[in-house]
Amino acid sequence: MQLVTILGSTGSIGISTLDVIGRHPDKYKIYALTANRSVDSLFKQCLQCNPEVAVMLDQAAAEQLQQKIIKAGLAIEVMSGVQALELVASQTPVDCVVAAIVGAAGLMPTLAAAKSGKRILLANKEALVMSGALFMREVEANGATLLPVDSEHNAIWQCLPVGRHQQHHFDGKGVRRIILTASGGPFRDFETTQLEHVTPEQAVAHPNWSMGQKISVDSATMMNKGLEVIEAHWLFGMPANQIDVILHRQSIIHSMVDYDDGSVLAQMGNPDMRTPIANALAWPERIDSGVTPLDLVAVGRLDFTKADVNHFPCLALAYKALEAGGTSTAILNAANEVAVDAFLNHQIGFTHIAKIIDRVLTELPSNNGDTLEQVLADDQQARQFAKTLIN
Ligand code: NAD
Ligand code: MG
């Protein structure tokens, strides 16, 4: 029996994870569930899974949850704050930590899981984007197992010689390049001139995937793919010039590995996050995920086109930050989080997102990012600067 902590259990990935786990009560038991401040959702999940611990980041929300739990006669310990998130990600009985908090907020608890040598199911790509070198060092030094849940990275992981990568020593031998596929998001068929006037409501309506708000906007700007290029760099040790992005509107091929001998391995499936979640949960075994089997005849055709960086400038900015190295990618991530939030709150237009990130990235100095303090300081500085460009 595996004891599982889900960081961010009330979000899109958290809910899909609980769905998969609910199909295998003989294999997995929930140790802790966590959320930011959505009391009702977390309480409902507590009633369903009866975890040992429930954590809310927000203290007032935790107090409300505590009242509900007492009233329901449940014996669940309720905690609050970042330290509590770190605790449930690192406590001794926990085998597996699902890192599904959105944004930079996921970094500290996910790092705590790495430092305690856990099996980490990584959905929170922002942790690697902010501090990839540091994070991978902790994974290795503490014998943690890092399993990618992001569908593209899970696909690549399945197409690589797993034995080698398992030890986080994949040396890239024999691999010509990694090809990340991208759906292109809701604006792939828009003229570039139309992008100026698109609304948050249009941006979060993804054609193929149902996801949280932030990653949905990232998919619309294609910053999501840019963050994934950086994520792939750290997970698989590939340089930026060996990581390609192509548009594939059906989201059936989730990514590919192109080998020196001309073989190209692809992983396919219906676009449903329960597949990579089940794959990472059970690895090296295979379990039922509840996902509808792929019917290629019904899909009919698979299309591939070039990703146009004039239409999607955020993609080019992510490559630029990766090539610059150090804390540049943390600065990119921080500016993006601030800009996306402002766009969702109708403070800026869609095309301003890339412009703000570009200015922050160009004007702020980066450093080598060798320590967590440096990463967090540059993250804060980038947020502050980005906010001045909004107001
Ligand atoms: P979401 O917004 O649906 O859920 C986020 C979860 O994190 C919620 O449980 C929320 O309560 C919690 N949370 C938010 N802010 C927090 C904070 N400051 N401190 C603690 N908890 C906080 O997001 P999502 O779509 O499930 O995405 C989660 C992560 O997984 C993101 O990093 C995203 O990039 C990645 N991811 C998501 C998908 C997807 O299909 N949704 C696919 C690949 C990768
Ligand atoms: Mg993805």
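## Ligand site

Ligand 1 lies between domain 1 (2-148) and domain 2 (151-191 + 201-270 + 281-309), because both give residues to the shell around it; domain bounds come from an automatic or database domain assignment. This is a predicted model, in which local features need pLDDT of at least 70 and side-chain atom pairs count only at pLDDT 80 or more, while totals for chains, interfaces and linings use all residues. Residues are numbered from 1 along each chain as its sequence is written, chains are lettered from A and ligands numbered from 1 in the order in which they are written, and side-chain values use heavy atoms, with hydrogens and water left out.

The shell has 23 residues, of which Thr10, Ile13, Asn36, Glu126 and Gly212 come nearest; a residue is near if one of its heavy atoms lies within 4 Å of the molecule. By class, 12 are nonpolar, 8 polar and 3 charged (Ala, Val, Leu, Ile, Met, Phe, Trp, Tyr, Cys and Pro count as nonpolar, Asp, Glu, Lys and Arg as charged, and the others, Gly among them, as polar). Helices α1 (12-22) and α6 (125-141) each supply at least two shell residues; helices (H or I, at least four residues) and strands (E, at least two) are DSSP runs, numbered from the N terminus.

Backbone N or O atoms of Ser12 and Asn36 each lie 2.9 Å from an oxygen atom of ligand 1. For Gly11 the corresponding distance is 3.1 Å. Taken alone, ligand 1 exposes 830 Å², and the protein buries 88% of that (Shrake-Rupley method, 1.4 Å probe).

## Domains 2 and 3

The chain also has a domain 3 (325-391). In contact are 13 residues of domain 2 and 12 residues of domain 3, where contact means heavy atoms within 4.5 Å.

## Sheet

Five strands form an open, mixed sheet in the order β11-β10-β8-β9-β12; two strands pair if DSSP finds at least two bridges between them. β11 (264-268) and β12 (305-306) stand at the edges with a single partner strand each, so one side of each has no neighbour in the sheet.

β9 (residues 243-247) and β12 run antiparallel and are joined by 2 bridges. Leu247 has Thr305 of β12 as its bridge partner.

## Arg188

Arg188 is in the loop between β8 (175-182) and α9 (200-203). Leaving out residues up to four places away in sequence, Arg188 touches Ser183, Pro207, Asn208, Arg249, His311 and Phe312.

The Arg188 side chain reaches the backbone oxygen of Ser183 at 3.0 Å and that of Arg249 at 3.2 Å.

Definitions and conventions. A polar contact is a pair of N or O atoms within 3.5 Å; within protein, one must be able to donate a hydrogen and the other to accept it, and residues adjacent in sequence count only if both atoms are side-chain atoms.
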